[in-house]
Amino acid sequence: MRKLPLSTAALLILSLTQVPAASAGSAPPPSAQRTYTLPTGDHVLMTRAGPQFVPAPGHGKIAFTTLLNGQYTVVPATELKHLSSLDAFRIGAAEPRPAHPDSQMSLLRVKALTHIGKKAPEAEVVVINTDNLAAASYDGIMVDGEARLQVPNGHYSVAVAIYQTEDHNNQIDTELLTQTDVTVSNGGATVSLDGRRAHQVSFQTPLPSENNATTVAWSRGTKAKLSSLYMGAMAGTNFYVGEAAKPKTGALRFSVAARQMSPESAATPYSYVLAVPGIDHIPADLNYKIDAASLSTVDSTVVTDLPKQYVKLDDFWDVQNPGPANPPVSGLPPVEVLAPSSQRLYLSTVPGLSYAGLMTPIHSGNFLDGQLERLLTPKAGEHRTLTWRGGLTVPAPSTYDASCFVCREGDTLHGVGIMDTDFDGDSGQWSDGTTTITEDGKQIYQGGTLGQAFEQSLAAGKHRYLYTTDNTHSAEPSNLATSSRISWGFDSATTTNPTAVPILYASARFNTNAHSSIAPGQATLSLTARHQTGAADSPLKNATISISYDDGKTWLPTTTSIVDAAHATGTWTVPPDAKPGYLAVRIQAEDAQGSTVDETVEHAALVNAPDGLDPAGQGSSAKPACGDAPAGYAQCFALKSQRTRGTGLTRENPDGLNRSDLLSAYKLPETGGAGRTVAIVSAFDDPTAEADLAAYRSTFHLRPCTTQNGCFKKVNGAGKPAPLPKPDQGWSSETSLDLDMVSAICPDCDILLAEADDNSAEALAAAERTATGSGAVAVSNSWGGDENGSQRQWTSAFSHPGVAVTASSGNRGFEQAHWPASLPGVIAVGGTSLTRDARDARGWTETAWSRGSSGCSAYSAKPAWQKDTHCRMRTTADIAAVADPATGVAVFDQGEWAVFGGTSAAAPIIAAAIALAGNSASMTNASRIYSHPSALFDVTKGSNAKWDCGGDYLCNARKGYDAPTGMGTPRGLGAL
């Protein structure tokens, strides 16, 4: 894996974690994963490995994290200088502290100088009572090199984590300064920490390497319970740590973890993931020399079915027997790689430590989708090969949440959650669906799959059971194994002791290359039969493997052979002219004791697509044009391809849906709109707007639309031609998409571009007033933000007699409604996936786009013309059009062709169609749309659910009105 450029800013992650002797290092199991949103828009993911900071796009990767008395506090480091209190960043409730009514409080002063002698800026101070952690443990902000605390008299330990110091050459540095023992008595105490005596942490590796990240763990407290602080630095940052003596009171443990990566010049990329064993002091010499003979070698490959997919990789060290003598080791910040790719990992072999890795595809939906975890104990001198997402990645029995996946105790069946697992044993949580259990053919249980735990009463005696799970996962992170149905059959009788039922399951992999694509010629699927942990093994009796090139419509047998008691193979020949696509697999097997498995996996592997498959030209390689926006600001909803489509001024057949495709799909006339104006409201200036518009219109043989001939006009938010706002590349892409879609649908319309000064709600509302009061018949808004009360003051800007206003519903699936789409006077436009289909009389098939937003407003009352019942307030959306970037539209943006998606494409399409229809006087809200259902294509399939919402119309397309697509998509102009 070739490393990607990383920020040179320091990484500083603090975690003050109380670790009891019996459960040190314990963390929530994967089924307990939960996500929290911080006031800054960043997220905190609680995982088995502890809290993981997930910054919002464009935000810094650095956070301070503490856990005191059962309560986490997570603060992005860049926010420290803006805060006087950490209260707004606390997660969960704190455990009650024991009362100490007789505690004598005294002043503890902590002073700190950096390694160049300056007062410590932007620092966090941690104070731990080493007599009793519950008596007094504090973390807070140090200002101007000093912090003062009133604490009960006693023994303490102090640490100061200093962020973003600068030396004389303006190098960004990070420092950890500590004092092991501090006695606070009636006269108080002063601790002076001098960074000028700190030493730099560094590593010498057998092969040349460059530091990517270094973290340390400092643990302090009583012998029965420790608190731990983790901090470190990223590439390009010097990391200084001050020497500290062994403790006189309590216990101290200090350990180091690091990632060193090969130079860019290396022919084959490699990385060192290192851990230094914990000791009871901080030494002066922090230069570590790594012995090659002590390392474990792992050749690690990341495969993908999508071309050029970014993947995030995390490295952790797990303590095998946690306790005060073995506190948690610090984790490492993630790296991003471009899959498919491979690298060699050299892992430390430290007694008592195991390696844990996480692989997460990067996309703009739920950031947990597609995540897999790898656990292994490295051994010195070994060399192993492992592939992330290798072979079939499907639900398999898991014991993360309990000692047994499904066990019988007497006549009660105990079950826990199931997880997706690949051939190498990497496990994760990215499928969800329905689980059923039958007893002698009669269903006795039904529940979910993800994170489920259950108890089910069984009939006494021996009976036949069938445990079936029907799962799907989002296609956004990967189209591999998008759907799987597995039935495990077994016999079970009343037991005396808890007993694992004899579930037989299959792991399988193909003879593929690193790209996970099966080439024409002979192909092989190798099957390994396993039994759930705790159940006795039984040899394979028979096995059958079938394959399908059309997602299970037609099944073809393979030549299946049983190799030995636990292995079988299926071989077949892939035709030399095989069309690039996906292969489905069905595995049926039985063991000698009668346990069976019947497993069907759609999109099990690619066929004849060595570089990945993206049939529509985009898929998940489309990225948001604009980053996330803070409260009070709007985000544009354009999704732009990472691959350009030519750089000439015109191109006869650019990729993506072109003008004729849109007219065909929505049955729209080729001409019209003369004398009418469509206004577009965007933020910031697009300097190339007119030139890009000219290229698009020339390509599709439309009349010129220029400032000179009066067709095109660009103004600032106040309606003046100058001064124009400052440019912004992301919003310029949004503007290009809007201009091209208006041109495609209403070729004879004039276009007004109103550019707000910035993307604040106030500036956009000012530009909206300019647009609605300009004489335009329709105004398009391809942006929005989370609803809040402050936006209500701008409502009147989106209402004007005779003017239709459209707004994108958003790209985040079913959640809270977005503003301004949630306003009752705005036509909210949802998103669809649109593909050609010769079998359909229309010539096209349209489904709800999985990421198109729908929601229930918290501020706008339900209009009289909207009759749905599950939302008492305004529901979005009202109507829809193509938005899926996988079926996206061709756009000429900033000198090049690209494929675009997002509901940013849908809003201008509908606005232009309204102008084309000439009925804007009756389109000042969406009521006309609801009264003309026959003039719309009813979208009845697809879902935008981000969690299990059943079959509810708020997140599933259905006949008639549904929130993801509203009343449907245009069938001509009758509803507009």
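This is a predicted model: local features need pLDDT of at least 70, side-chain atom pairs count only at pLDDT 80 or more; totals for chains, interfaces and linings use all residues.
Me: What span should helix α5 have, and how far apart are its end C-alpha atoms?

Reply: An α-helix has 3.6 residues a turn, so residues three or four places apart point the same way. Helix α5 covers residues 903-917, and at 1.5 Å a residue it should span 21 Å. Its end C-alpha atoms are 21 Å apart, which agrees. Just after α5 comes Gly918, with a positive phi of about 80°.

Me: Which residues have the most contacts inside the largest nonpolar core?

Reply: In soluble globular proteins, nonpolar side chains tend to be buried together. Here the largest nonpolar core has 72 residues, and Leu662, Val889 and Ile929 have the most contacts inside it. Helix α5 gives the most to this core, with ten residues. Another core, of 47 residues, lies apart from it; Tyr445, Trp572, Val574 and Val607 are among its members.

Me: Which residues does Val889 touch, leaving aside those up to four places away in sequence?

Reply: With those left out, Val889 touches Gly656, Leu657, Leu662, Leu737, Met741, Val882, Ala898, Val899, Phe900 and Ala905.

Me: Where is the cis peptide bond that involves Pro820?

Reply: Look at the omega angle. The bond joining Trp819 and Pro820 is cis, with omega about 10°. Pro820 lies in the loop between β60 (818-819) and β61 (827-836).

Me: What is omega for the peptide bond from Thr876 to Ala877?

Reply: That bond is cis too, and its omega is near 20°. Ala877 is placed in the loop between β64 (873-876) and β65 (879-882).

Me: What is the phi of His701, and where is the residue found?

Reply: His701 is not a glycine, yet its phi is positive, about 60°. The loop between α2 (689-699) and β54 (712-716) holds this residue. With a relative accessible area of 64%, His701 counts as exposed, because the cut-off for that is over 50%.

Me: What is the phi of Gln894?

Reply: Gln894, a residue other than glycine, has a positive phi near 50°. Gln894 sits in the loop between β66 (889-893) and β67 (896-901). Its relative accessible area is 29%, so Gln894 is partly exposed.

Conventions: Residues are numbered from 1 along each chain as its sequence is written. Side-chain values use heavy atoms; hydrogens and water are left out. Helices (H or I, at least four residues) and strands (E, at least two) are DSSP runs, numbered from the N terminus. The expected span of a helix is 1.5 Å times one less than its number of residues. A nonpolar core is a set of buried Ala, Val, Leu, Ile, Met, Phe, Trp, Tyr and Cys residues joined through side-chain atoms within 4.5 Å. Buried means under 20% relative accessible area, exposed over 50%, partly exposed in between (1.4 Å probe, protein chains only). Contact means heavy atoms within 4.5 Å.
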